[in-house]
Amino acid sequence: MGSSRWKRLCLLVLLGLTFSVVFYGHYYTTTNSPTSPRSASRLLQQETLGLVQEEIPRDVSNHGLIKESIIKRGIPAKDSIERETLNHPKEKDLLTPSLSQSSLCPRSLKSKIKMDPTFGKQFDFEIPVLMGEQHFTPETWDRLKERNVPYGWRGLSYAAIASTVQLLNDSANNRLFSKTRLPNGCIRCAVVGNGGILNGSRQGKEIDAHDFVFRLNGAVTKGFERDVGTKTSFYGFTVNTMKNSLTAYAEYGFTQVPQGKNICYIFIPSDIRDYIMLRSAMLGIPVPEGYDKGDDPQQYFGSEASAGKFKLLHPEFMYYLTQRFLRSEIMNSQFGHLYMPSTGALMLLTALHTCDQVSAYGFITENYRIFSDHYYELEKKPLVFYANHDMLLEAELWKSLHRIGIMKLYQR
Ligand SMILES: *[C@@H]1O[C@H](CO)[C@@H](O)[C@H](O)[C@H]1NC(C)=O
Ligand SMILES: *[C@@H]1O[C@H](CO)[C@@H](O)[C@H](O)[C@H]1NC(C)=O
């Protein structure tokens, strides 16, 4: 008798647990449905930090537990990206390579990749990295309108997308580098994440010695020059992560997005906000509508930002990267619609598809636990995993790319 009551109690507890998970799931799908991408991206961007923590149930914010308690309970994936194999679009417009690897570089990462049986199949150097006006064909619209952001344009207005993409008509919008200044024939890139591993690293000189330096989100350099350098060639972001960084890291000195004559901006198309901000920035007008209405793009990108300084990652490239390199289990969970590769991952993979040699600094390593979340924190803060990114999967990818010699991952 006693034991059956015990069993019933257990069942009740289990039921309660299941309900609470379902409830949380419901809460998230209602508050963060794709129709309100604003709140979705706001709540879960890992870069948001403080804002986020209270609002995410503890077990949901923990990577391990998501896998164990949600995925294994078999709650069906909602809105997750279809697991179909990536069918490579064969239209002519997509075959125009927008990359700039130099054929003159003897030790290009491309040759290493070609020799590797696994990565040789994963990397596709023909896929366009950046979106340009010439890609905006009826076929592209038809294909991309079937996919959610950041992989497509589902639910977004044709007028908003068309009016933005049609401005990307300068050759400068379609390439990251001009091939003029290549001392040894190789394009050497440093991609600088914001990880705590850089605190005290003294990598600044080495970073600045690269031809191009990519930075992203809360990329504070002032006061950290010795560790992270000063040079910035590309700044990568979504409008959401950029604005969150300006709020969350102002206390550490991130009061302004990097600006300057030689800096280009790489927009990640994670939301309609990114298209509207990009269009406003290129036209040099205040944001006319939407969440960022009234923002002056010059406040972010400077008053001299010419149209050629702005680049937009191709949604097709985002899709390809996710499918081939960062297909996380989270995509099959109920949080699938919130998942996308981190800003850092997108910048590093962009560099790997466009540069001849790549070094990554401030990216997650196996021993991430001994470092603070960011290099600029004053007291150690642990790196917290949220459902919108899969940092451990990213860590594995960087480790393999480093091991095979495709890129150099800074570790200590
Ligand atoms: C791009 O389009 C704009 C607006 O339609 C036009 O004014 C500009 O001259 C075009 N630029 C190029 C390089 O074709
Ligand atoms: C950064 O490094 C310094 C010196 O090694 C150390 O005192 C400080 O605690 C570190 N900051 C963080 C946030 O770990």
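Author: Happy to! For sorting, Ala, Val, Leu, Ile, Met, Phe, Trp, Tyr, Cys and Pro count as nonpolar, Asp, Glu, Lys and Arg as charged, and the others, Gly among them, as polar. Keep in mind that this is a predicted model. Here the shell around ligand 2 holds 1 nonpolar, 2 polar and 3 charged residues.

Reader: Which residues surround ligand 2?

Author: The surrounding residues are Asn199, Ser372, Glu377, Leu378, Glu379 and Lys380. A polar side-chain atom of Asn199 sits 2.4 Å from an oxygen atom of ligand 2. The protein buries 44% of the 360 Å² that ligand 2 exposes when taken alone.

Reader: Thanks! Now the sheet: in what order do the strands come?

Author: Read across the open sheet and the 7 strands follow the order S5-S4-S3-S2-S1-S6-S7, with parallel pairing. Strand S5 (310-312) and strand S7 (408-409) are the edges, each pairing on one side only. Strand S4 (residues 264-267) runs parallel to S5 and is joined to it by 3 bridges. In that pair, Ile266 stands opposite Lys311 of S5.

Reader: Which helix touches S4 and S5?

Author: That is helix H15 (residues 272-283), which packs on the sheet, its direction making about 155° with that of S5. Another helix, H18 (residues 343-354), lies across strands S1 (188-192), S2 (212-216), S3 (234-237), S4 and S6 (357-361), and runs at about 160° to S2.

Reader: And how should I read the backbone?

Author: As a general idea, most residues other than glycine have a negative phi, and most peptide bonds are trans. In this structure, Arg202 has a positive phi of about 55° although it is not a glycine. Arg202 belongs to the loop between S1 and helix H12 (204-208).

Reader: Where is Pro150 found?

Author: Look in the loop between helix H9 (138-144) and helix H10 (158-165). The peptide bond from Val149 to Pro150 is cis, with omega near 0°.

Technical notes:
Residues numbered from 1 in each chain as written. Chains lettered and ligands numbered in written order. Predicted model: local features only at pLDDT ≥ 70, side-chain atom pairs only at ≥ 80, totals over all residues. Heavy atoms only, no water. Pairing = 2+ DSSP bridges. Helix = DSSP H or I, 4+ residues; strand = E, 2+ residues; numbered from the N terminus. Contact = heavy atoms within 4.5 Å. Axes fitted to C-alpha atoms, helices over the stretch in contact; angles between N-to-C directions. Near = heavy atom within 4 Å. Polar contact = N/O pair within 3.5 Å; in protein donor to acceptor, adjacent residues only side chain to side chain. Areas by Shrake-Rupley, 256 points an atom, 1.4 Å probe, with all protein chains shown as cover.
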